Amino acid sequence: MPRHALSWLLTAQLLVILPFVAYLPAWLVLLWLGCAAWRVQVYRMRVPLPPSWLKGLLLLAVLLGLALSSSGFDLNAAAALLVAAFILKVLEMHRRRDALVVVFLGFFVLVTGFLFDSGLLATLYSLVPFVALLAALIGLQESELARRPVRTLRLAGTLLLQALPLLLVLFVLFPRLGPLWSLPQVKQQGVSGLSDRMAPGDIVELSQSSALAFRVGFDGAAPPRTELYWRALTLERFDGREWSQDAAPAWPSAPQWQAQGEPLRYSVVMEPSNRTWLYGLDVAQTELPRVRQGADFRLEHWRPVDQPLLYPVTSWPAAVRELTAPAATLQRALQLPDAGNPQARLWARQLRADHDQPQALVQAMLSHFREQPYVYSLRPPPVGVHIIDDFLFASRKGFCLHYAGAMTFVLRAAGIPARLVVGYQGGEYNPSGNYLTVRQFDAHAWVEYWLPELGWQRVDPTFAVAPERIEQGLEQAVDEEQSFLADAPLNLLRYRDISWLNGLRLGWERINYGWQRWVLGYQADQQWRVLKEWFGILDGRALAGALLLLLGAPLLLLTVWLIAPWRRRADPLSRQYARFEALLARHGLRRAIGEGPRDFAERAAQALAAQREPILTFARLHEQARYADQSQSGHGLRAALTRLRRCLR
Amino acid sequence: MRRLPAARHVRLAPRQVFILPTRAGWALAAAVGPMLLVAVNYQNSPAYALTFLLVSLALVSLLHAWRTLLGVELRAGPAESTFAGQAACFQIFLGADSARSAIALGWPGMERVLVDIPETGEARVELLLPALRRGWLVAPRLRVESRFPLGLWVAWSGVDLQQQALVYPQPTSGSPMRSRAGGGDGDGQPAGEGVDDFRGLRQHQPADGARRLDWKAFSRGQGLRVKEFAAWAGGDWLLDLDSLPGPLEERLSRLCQAVLELCSEGRPFELRVAGKRLGPAIGAAHREACLRALALHGLGEAS
């Protein structure tokens, strides 16, 4: 196989497998190094290709290594196998056909890489190995006569640019289908997020993570920050230590509610959470198919969200929820452990005795939180067995889950149906893009209680203790404590007060949001929306027509450009000679029909005696270039012509 | 199917270039399937994009493969004569109005030669074709193809450049079959300068050929001398096809061998083939005429 093809192929391999180091065993790079070195030595005829027993042994060793370094057969293991095959195939590369297999495998490995990281940077980077693979493919077709490898690369780049319009057309118009079947998923390392069991420690962990949870783009103006309660799910069961989702399987799926007031329209681009619930403001509805509204007003996706997901939402903030709640729902909202936290229960009885109206009772609790020395802190002291009691009456230090959990407990103990809602609160508004970024540290917990004539009502005890948490955000709420992202000194979010740095960060995040929203989120529903609104395409036939038309147009343009009838020209020598003739024609000398270049030059030299020397020089060079040595025609001739032109001026 | 009319000079026009996917092209098509499945099942936009990029590149490379052949000019060069059983060498010149890469040329069913056309000037290709029988070897249609740049498509055209090479009979040595034209052997008188018997040395003159120089004497420092031979009067060699026994092709082969031997020895001879008399004479032109007569005997002078 040609030399350039081999060098491009090996380069491309390294570029392809480099990003995988983050997800797969790093020794794969060493494996590549060994195989590539061997293959190069084979090319230099220092060593033969390995015999089959050695290849078999190597394969066994690699398989064993992969088996040892992976846990079960999941997507990561499959990808590792693919990458290993991609590397080992180099040792089997005898002929052009084997090299083709390696190149195609390389393309496939690139595609697999997107399952691990489909971000903007990763996608842009993938163009680098892609072009190298392309160069290898071109190199395989070139003749053995060595050409500069850079030329191959340039051709690859040209091809890529010419293919871009077609790519755009295909990307926009090719119909997107839903997943055909379920496949093993990438194990996202360290995906943090809300879960269906929350103990206070989980929230502390989340509050240290600046990972993206989701982004929201509003169609109109964004509502005030204090209204941004993004519901994920409700935790109804308290076992004395932690709150969890009720395991009751047979929930009536659609709760009863009435839309009131003005709706809010926005779209959410959600990061993979590996959970089924989506985020939305109460009461949320989405057009995304296969999403249902849960009994607790959450949005439930049909399968865990393992890829970035875009969904449009319509929310009715003023909706009345469940004026008549099912008995089972209310029963769950009154569940308490049989024993424990006696002081809290006692307080609940007192509150109940003092206040007839449940709403007054709630207000009394909020005033209690506001007036007593409660502190909002991410570093609460350790608690004992009666965690509610210890918090309410001893430490008085905690964060959202402590307050919301304690309040739910007391409300239930006082006979008012209540439940804990977890989700996110607030978010960072990016004014240049009119969107909101919600991160893991915006995770929040609040309370919902039920009244017969009003339905479910939201109440946030944290707001009573630390209004700055709701109005400004976590950073301001824990300002004194300096615990905001304390484990990540380099996190850009810690430097939001440096304006140029913050501007850069916001700009970059906006680009990423655009990528998420318009590229990653460009799936079935989003596609039809775009096709309808931008292209007026309503059905499959119109789509097929547009696809053909828009594919044909760039191809036709490219054809015309490649043939370029207007650029058809003689060879450079003839062009130079034509210029020479034109130059002399201006001085009244025209080459007669049948007059040879040499005779013509002699005649011209006689007529223009002053320019004799440059004329004859050009004629001699032209003759030499034409008849003696065709390889180096260009420069000397051009220089001679320029000199003649200067002399004739 | 449109075929190019035979010509010594051919310029490939758009409608004479055909395009088909290669095996690599089919392989890519097969590979795109699983990629698309991954994109669909994981709802992964970059995976979609990469798949579409490959498809787009395949389409673009189709145009490039077509473009590589378009406007290529093929010119028939001279073909050298050869002997049956050897290979005839045909020369073909390729030119174009711009540089072209990796154009493959070859006879149908035989290995192809890759050639690049430079920006200026022409590329020269020599193609071998086995010559099995004497007579005119007419080159089959030449297959010109381009898989450049990605090897996914092959653009090709069949070109007839009307090339042909003369194939002489295969020389085979056999029983002695030369006879003297004069009949009598050995008893004649030397009749002036000839080629038969050594007579002595004389000083070198500019008109003397190199064949008879006395190199041994020259190496001894005795100056350039020429060996002189005497010719036997009426002693030219006669090669007569009809007087030989055996099948025709064998006789032709033996005569061919004799012509080659006599020429290399520098002896004048006469060849009689089917009533035609060539010679007696010596020299390259006589040799060529004799071999040609042997090659075309009974086949007609056509083409």
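Visitor: What makes helix α8 of chain A part of the story of the second largest cavity?
Guide: Helix α8 (residues 200–207) gives the most to that lining, with three residues. It is called a helix because it is a DSSP run of H or I, at least four residues long, numbered from the N terminus. This is a predicted model, where local features need pLDDT of at least 70, side-chain atom pairs count only at pLDDT 80 or more, and totals for chains, interfaces and linings use all residues. Residues are numbered from 1 along each chain, chains are lettered from A and ligands numbered from 1 as written, and side-chain values use heavy atoms, without hydrogens and water.

Visitor: What makes a lining residue nonpolar or charged?
Guide: Ala, Val, Leu, Ile, Met, Phe, Trp, Tyr, Cys and Pro count as nonpolar, Asp, Glu, Lys and Arg as charged, and the others as polar. The second largest cavity therefore has eight nonpolar, two polar and one charged lining residues.

Visitor: What space lies in the largest cavity, and which helix gives the most to its lining?
Guide: About 130 Å³ of space lies there, and α13(A) gives the most, with four residues. By class, that lining has nine nonpolar, two polar and one charged residues.

Key. On a 1 Å grid over the protein atoms alone, a cavity is a set of points where a 1.4 Å probe fits but cannot get out, and a pocket is an open set with protein on both sides within 12 Å along at least five of seven lines; lining residues have an atom within 4 Å of a point. Grid points are joined across faces, edges and corners, and a volume is the space filled by probe spheres set on the points. Helices (H or I, at least four residues) and strands (E, at least two) are DSSP runs, numbered from the N terminus.
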